[in-house]
Amino acid sequence: MAAQNKILDQNRLNPDRRPSPLPTHLSFSGSGHSSPRVLPSEGSGGSGYVAPVFEGKAKQMEDVLAGVDAGGFIPGDLVDSEVQWFYEELGIDDMYFATETVEAIVSHVHSLYAAKVAAYARGDNHLEIRLDKENEDHAVYIDTSRPGVSVMHGPQYEQRIDQKYLNPSMGGDAYRVESFRSAGSLPGSANQQLRCYFVYQCDFTHPNPGETEWDIEKVGDKKFLQKATKNTKEIYQHVLEMAVKRTGPVIEYYDIENSRDKRLVVAYKQGSAMSFFSALSDLYHYYGLTTTRKYVEQFSNGYTIMSLYLHPIEASEARHPPIEASIHQIIKEISLLYCIPQNKFQAHFASGRLSLQETIYAHCVWVYISHFLNRLGNEYNSLASILDPNKTTHVELLSKLKKRLRTETFTADYILEIINQYPDLIHSLYLSFANTHYVHMRGDEDDFLPTLSFLRLKVDKVLSEDEMTEAINHAVVNDHHQIVMDSFRVFNKHVLKTNFYTPTKVALSFRMNPSFLPPSEYPTPLYGMFLVISSEFRGFHLRFRDIARGGIRIVKSRSQEAYAINARSLFDENYNLANTQQRKNKDIPEGGSKGVVLLDANHQDKAQVAFEKYIDSILDLLLKPDSPGIKDPIVDLYGKEEILFMGPDENTAPLVDWATEHARARGAPWWKSFFTGKSPKLGGIPHDRYGMTTLSVREYVKGIYRKLNLDPSKVRKLQTGGPDGDLGSNEIKLANEKYVAIVDGSGVLVDPQGLDHEELIRLAKARVMINKYDVSKLSSEGYRVLVEDTNVKLPSGELVYNGTAFRNTFHLRGGGLCDVFVPCGGRPESIDLTSVNKLIVDGKSTIPYLVEGANLFITQDAKLRLEKAGCILYKDASANKGGVTSSSLEVLASLSFDDAGFIEHMCIGEDGTVPAFYDSYVKEVQSIIQNNARLEFEAIWREHEKSGATRSVLSDKLSIAITQLQEELQNTTLWEDQAFRRSVLKEALPSRLQEQVGLDKIIERVPDNYLAAIFGSYLASRFIYEFGLTTSQFAFFDFMNKRREKMGTS
């Protein structure tokens, strides 16, 4: 029945102007109303704004006539007619005349006359008017415009307005825009009209209101409040209130009395959608619409509202759906446009060659391909199988070759160039994607406005896998093109669910089946993968088990070059971080996971925006939809409930409270345990405040001193990661060594005689970098080199030319400066197989002891080189596990308490009152962290002495042995033995939690699979720590007998 729709059957869709498939609903985003409100046609041109009449217009016109005449450029007999034409026939709003000076208007009249002369000289009588004037507090742009056609060349004033005025608008420092189109056509051109843009710096009554203030009379611009009608204010008040409560945009439309025109109103948070104003023009032009007026209003509480007056272009109605149908399509597509206002294939959309959906789909697949097509190939695998992994030169050669192949094989620009050549293939591949993931909500019963997507899928053939492969092979011109375009098919095949068709969203998220990853490069298979894409960032979330936890980090880039490097390594860094997390999570029930968000090169200041969009779009795929027309059902090929446990990492610690509150606001039943590291008022246990990660690192440092009988006060220490960081500051507070050097984001601080301990403690308590160190406390041999310094002469006479380069490589200087090196910060792979050679002299490591506090600071092959050169080294997966243990026990408490109990016993009051349980629980968590670290340290030291194997390898083997045994134990009959299960859980669960909640309540409230994971991880870790890696079945039998005997006597 939908194909026989009484409205849409009036139009035969032109195949060259394909509609964009997206669900269309009777309700529209934001309101839930069943039908649009009809607005009276009031104000200037029915705009809802009262345009003030310029009383001095006649006098000004006389002055302009005199000015033009005095200029002598226009013949005297034409001056009157030209000025009169400019004032009375072009349809320029009175605002222009009230704003501009006589001199500026004279200049513009001259410019228009010059445009006429140029048109006559060309012989086409086609006027091209380009007038612009930019002042500090306002700007004016006037140009010729063909209704319904996006400007692909020329000055592109809308893009200019976006970049210069709207994108930077924030809070009280913002600009508003008014735009008008002339009613009639220009002389000599039936399809050319004049478009005027007026930009004004906002003048707010209250430029700095409270965060929750949304009264437009208090947060509105004075000029807006003066001109807007009562109806307009009511509309804006309504959408502003909803926008403040939302993460994403609020989109409303209204009918206008006695007119087919529609008024579209969009509200969103400032800074959350760059270049949105110009992108909207491409969208409504695609559907054969133009605008008579456009307004962009700013509000000092940090929100923007755009109002567009959409009008159908009569000449295009035979080729496009009527405005009554296309308005529904547009309001759904605005949400998609909000996610990526300017995609990499925008030109195909602006020209009408591809739909918005197709270009944004192509953009997302381009991101996917750029991460997974820079692969090594069969030739590399063949070479790797021939070379000897035990030979350093062979390993180093492979490492260099791998980096070069990934950098140079398929660059992002090369991939983009290839995809741009195949718009027809993009169309076919998109149809396959849409056919799988698009949900037609109303079925055949929807006879009012069936989705354009649905109609299109009825017309266009969706190709099968074999047909798609054949179409790709037939279209492409070489092997490289075939590999790139076939990756679209691979992407389609591995998307399990997506929010692409969710009516409201803030970023695009895809739950991927990670089975496409080559085992040769990623030997440990992932359990789950999320890919998230927005205009401000791209990001992944990876996990190795169903129940897994790990932090979310935001990666920033200092330059375009740094961004390119970070983009190339993004997925591998995420995979390795999650893998490290998996190994360090040996003592806890959760497996390893990690999320990495890479800020776009042009959006380095959008960390909070990116984080909020990343979290919200992942929640779209975890939560069941509960708001028809806002969050609709999605196609779920995964088919099982998913819960992710996240925590803070680089650049996200201040944002986790928002994530917790947001998950609660969206109805997530697991909101209490969604994020760890949240503030104590939300039941969090901050790692930095209680030194959770450092407590584990310190146990390994102290263990080395204990085993070798070293006096810590005489041990010279180097540390990367300064007193401003979590790990760095707490390491300084707990340390009792002689610090000789600290490297952090600000530079390098060195004193061979020892840095002043009290001064370091002062910096650590203040959480500031070493650029705040009192250099008067340095000895004659001490020095400080900051990243901005150049040509600095050190006490040794050495000249440092570049402070940044010196900082980045200082940890590789060696030279016997330190006895122990504890990395507490720094980028991954700061020491790799090539650079490690600088730390080895005559076959001996210049650093005797190294405890890797920072994740992935040293590559595994570099660790092995250092150990073979005599360095006693404990890797990150062992040393840096205190934080994950704390987070796991925080999650356990969240799951064990009901909401009321959680608030009473785990949440610190607004007045700072700490519940007695919270205080005692934190102390028990600290004790558990230290005990687990000591057990693993002793196990690795013992295994090394027994086998001679490197500690880095033993750490991995220990992790693998524990995690494998953990999974096996969960699937044995031991878990079914209720009495034994209870006995193990009683020993494994924190005693304070059992005293407060009760073991029976904990077992009742905590999910069974989570309890099973606790059961397995506790038994496995205790067995391996006690009996080691080379154990027999008899050892495990003896271990179990002792436990059963203990159970019998308890």
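## Loop, strand, cavity and salt-bridge features of the predicted model

Leucine 856 lies in the loop between strand S26 (849-851) and helix H29 (860-868). Helices (H or I, at least four residues) and strands (E, at least two) are DSSP runs, numbered from the N terminus. The model is predicted: local features need pLDDT of at least 70, side-chain atom pairs count only at pLDDT 80 or more, and totals for chains, interfaces and linings use all residues. Residues are numbered from 1 along each chain as its sequence is written, and side-chain values use heavy atoms, with hydrogens and water left out.

Phi of leucine 856 is near 60°, a positive value in a residue other than glycine. Leucine 856 has a relative accessible area of 12% and is therefore buried. Here buried means under 20% relative accessible area, exposed over 50%, and partly exposed in between (1.4 Å probe, protein chains only). Asparagine 709 also has a positive phi, of about 55°, although it is not a glycine. Asparagine 709 is found in the loop between helix H25 (692-708) and S17. Its relative accessibility is 70%, so asparagine 709 counts as exposed.

Strand S18 spans residues 738-744. Six of its seven residues are buried, so S18 is largely enclosed by the rest of the structure. Strand pairing was assigned from bridges (two strands pair if DSSP finds at least two bridges between them). Strand S17 (residues 716-720) runs parallel to S18, and five bridges join them. The chain passes from S17 through helix H26 (residues 726-734) to S18, in a right-handed β-α-β crossover. A crossover is right-handed if, with the strands pointing away from the viewer, the path from the first strand over the helix to the second runs clockwise. Glutamine 719 has isoleucine 742 in S18 as its bridge partner. Strand S19 (residues 747-750) runs antiparallel to S18, with four bridges between them. A hairpin through two residues joins S18 to S19. Aspartate 744 stands opposite glycine 747 in S19.

A salt bridge is a side-chain nitrogen of Lys or Arg within 4 Å of a carboxyl oxygen of Asp or Glu. Lysine 717 lies in strand S17 and glutamate 737 in the loop between H26 and S18, so the pair ties together parts that are 20 residues apart in sequence. Lysine 717 is buried, at a relative accessible area of 0%. Glutamate 737 also counts as buried, at 7% relative accessibility.

The structure holds 61 salt bridges. Side chains of opposite charge can pair when their charged atoms come close. Glutamate 798 counts as partly exposed, at 31% relative accessibility. Arginine 813 is partly exposed too, at 37%.

Arginine 1005 and aspartate 898 form another salt bridge (3.6 Å, N to O). Arginine 1005 lies in helix H37 (residues 999-1005) and aspartate 898 in the loop between helix H31 (882-896) and helix H32 (899-906), so the pair ties together parts that are 107 residues apart in sequence. At 30% relative accessibility, arginine 1005 counts as partly exposed. Aspartate 898, at 37%, counts as partly exposed. Salt bridges that share partners also join Arg553, Glu573, Lys594, Asp649, Glu650 and Arg827 into one network.

Five cavities of 30 Å³ or more are present. On a 1 Å grid over the protein atoms alone, a cavity is a set of points where a 1.4 Å probe fits but cannot get out; lining residues have an atom within 4 Å of a point. Grid points are joined across faces, edges and corners, and a volume is the space filled by probe spheres set on the points. The largest cavity contains about 80 Å³ of space. It is lined by 15 residues, of which Leu166, Asn167, Tyr268, Ala273 and Thr304 are the closest to its centre. Helix H5 (157-166), strand S8 (289-299) and strand S9 (303-312) each give two or more residues to this lining. By class, the lining has seven nonpolar, seven polar and one charged residues. Ala, Val, Leu, Ile, Met, Phe, Trp, Tyr, Cys and Pro count as nonpolar, Asp, Glu, Lys and Arg as charged, and the others, Gly among them, as polar.

Conventions: 1 Å grid on protein atoms, 1.4 Å probe; cavity = no way out; pocket = protein on both sides within 12 Å on 5 of 7 lines; lining within 4 Å.
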